[in-house]
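Thanks for coming, everyone. Let me put the structure on the screen, and we'll start at the ligand.

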Amino acid sequence: MAVVISSNGNSKAFDAKMTVYVFICVIIAAVGGLIFGYDIGISGGVTAMDDFLKEFFPSVYERKKHAHENNYCKYDNQFLQLFTSSLYLAALVASFFASATCSKLGRRPTMQLASIFFLIGVGLAAGAVNIYMLIIGRILLGFGVGFGNQAVPLFLSEIAPARLRGGLNIVFQLMVTIGILIANIVNYFTSSIHPYGWRIALGGAGIPALILLFGSLLICETPTSLIERNKTKEGKETLKKIRGVEDVDEEYESIVHACDIARQVKDPYTKLMKPASRPPFVIGMLLQFFQQFTGINAIMFYAPVLFQTVGFGNDAALLSAVVTGTINVLSTFVGIFLVDKTGRRFLLLQSSVHMLICQLVIGIILAKDLDVTGTLARPQALVVVIFVCVYVMGFAWSWGPLGWLIPSETFPLETRTEGFALAVSCNMFFTFVIAQAFLSMLCAMKSGIFFFFSGWIVVMGLFALFFVPETKGVSIDDMRDSVWKLHWYWKRFMLEEDEHDVEKRTD
Ligand code: BGC
């Protein structure tokens with residue numbers, strides 16, 4: 001599959017306007033990110049609602065009523081965690097199918113498929129009368145996320161004028177954070193609607209899903225996808241329409257050229273296993289692992305649960321989640337602003353120190369002051385909330401957006417979509433692991449969970465320091481010569497590849 005992201009800001013710029021049509025396409029497609037974020041944010045609030053627990057998880061409800069027995073364990077239930085995590089497992093599987101539909105059918109139909117999965121999933125989950133309907137609903141939502149998260153970032157990259165590509169990539173993450181925030185607000189209001197507030201909360205995802213479904217009828221297919229599927233005439237016409245200029249020959253030729261090269265690679269997955277692919281492959285996959293082992297989703301999924309654990313009442317806990325959600329959105333703008341100025345490495349390193357301090361402070365307060373029974377005193381509980389917010393800030397301008405940006409800009413053209421699909425599924429896998437394990441880990445490790453994540457933050461900081469080179473301002477097709485070949489560690493794989501090429505030629 002070919003994705004033409006051949007020129008970024010500092011390489012050849014084709015003649016292009018930021019047309020109203022492109023703007024509309026970007027907004028509609030980015031609604032996919034909104035649904036993803038909504039799903040991330042909604043489950044924590046719903047699993048803290050008594051009406052929901054009584055209906056599907058009566059044993060958790062009973063345990064919660066006796067919360068004084070054990071703060072850290074009241075929500076520990078494999079089925080309850082499966083409610084949250086099943087979505088990510090389904091998304092993992094779906095992203096491989098989505099990679100195929102993206103290349104065979106196009107980006108637009110893949111987004112349409114995503115919205116159909118979302119709609120059926122929302123219907124089942126919001127209308128659930130038993131646990132099976134609920135879980136199947138979540139699985140279909142997961143298919144939607146898998147299809148959406150594969151198609152939307154590709155669509156955005158291909159439709160955007162080259163000079164706006166970096167910023168537009170982070171618009172996806174921005175929409176994710178807005179989705180999480182909307183979910184937190186919906187949770188806050190629906191928690192007081194008895195007995196079916198949770199149905200409204202889960203059903204809310206239907207609105208953006210409808211926008212995506214009908215909106216996708218208005219948007220076009222990307223020129224790359226059309227040309228890749230030999231619809232060259234239509235591809236050129238679309239290119240003219242989205243760029244707002246008549247003369248698109250140069251960009252058109254570059255897409256055709258990129259598609260030709262990509263066609264020569266018969267098996268991109270085998271190519272991904274070759275030494276030359278090692279740096280983007282290892283970095284792309286490990287960034288997903290590290291992004292999730294910052295512990296962010298322990299907070300995004302379970303913030304209300306976590307805040308109840310430290311002693312807030314139901315409402316205050318949900319409200320605190322709204323506050324963290326707002327901080328998440330606002331801090332993402334800092335990322336958009338800084339990423340091309342200070343560079344990726346600075347953000348990764350700064351935030352590692354920043355998040356480490358926050359996790360340690362939270363862990364120490366909980367270890368010292370939160371007994372297995374009882375609650376935190378108000379001042380300590382407030383300090384915990386403040387440090388959670390500061391922690392979210394650090395994540396939002398670094399490991400959050402960069403976890404998506406770096407894999408999308410470091411794979412060479414011929415393995416870009418496959419490399420990105422692997423990164424998406426890796427992300428989903430580790431999101432699943434955290435969603436499934438966090439409440440049990442909280443129960444078993446108590447405040448130690450924060451020291452556990454702190455340990456990983458040290459490891460990822462060191463990894464960024466030694467193994468993640470700066471890619472700011474480097475042309476996306478020039479990574480090999482300008483980045484990997486000059487890096488103290490990764491250069492060995494490039495040399496091996498060069499020697500291999502020479503041997504082949506002299507054979
Ligand atoms: C991550 C999600 C996370 C979100 C928080 C995204 O980049 O992939 O797992 O919940 O950021 O804003």
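Which residues come nearest to the ligand? Of the 13 around it, they are Gln173, Gln291, Asn297, Asn328 and Trp404. Near, here, is a heavy atom within 4 Å.

A word on the source. This is a predicted model, where local features need pLDDT of at least 70, side-chain atom pairs count only at pLDDT 80 or more, and totals for chains, interfaces and linings use all residues. Residues are numbered from 1 along each chain as its sequence is written, and side-chain values use heavy atoms, with hydrogens and water left out.

Now the polar contacts, meaning pairs of N or O atoms within 3.5 Å. Gln173 puts a polar side-chain atom 2.8 Å from a ligand oxygen. For Trp404, a polar side-chain atom is 3.0 Å from an oxygen of the ligand. Gly400 uses its backbone: an N or O atom there lies 3.4 Å from a ligand oxygen.

How much of the ligand does the protein cover? It covers 100% of the 310 Å² of accessible area that the ligand has on its own. That area is Shrake-Rupley, with a 1.4 Å probe.

And where does the ligand sit? In the largest cavity. A cavity is a set of points, on a 1 Å grid over the protein atoms alone, where a 1.4 Å probe fits but cannot get out. To sit there, more than half of a molecule's atoms must lie within 2 Å of its grid points.

Next, the shell. Helices H7 (165–190), H14 (278–293), H15 (296–309) and H19 (399–410) each give two or more residues to it. H7 gives the largest share, three residues. By class, the shell has five nonpolar, eight polar and no charged residues. Gly counts as polar in that scheme, and Trp as nonpolar.

Zoom out. The protein has 23 helices and zero strands. Helices are DSSP runs of H or I, at least four residues; strands are E, at least two. The radius of gyration is 23 Å, close to the 23 Å from the globule rule for 507 residues, so the protein is as compact as a globular protein of that length. The radius is over C-alpha atoms, and the rule is 2.2 Å times the number of residues to the power 0.38.

One last stop: a cis peptide bond joins His194 and Pro195.

Terms used:
A polar contact is a pair of N or O atoms within 3.5 Å; within protein, one must be able to donate a hydrogen and the other to accept it, and residues adjacent in sequence count only if both atoms are side-chain atoms. On a 1 Å grid over the protein atoms alone, a cavity is a set of points where a 1.4 Å probe fits but cannot get out, and a pocket is an open set with protein on both sides within 12 Å along at least five of seven lines; lining residues have an atom within 4 Å of a point.
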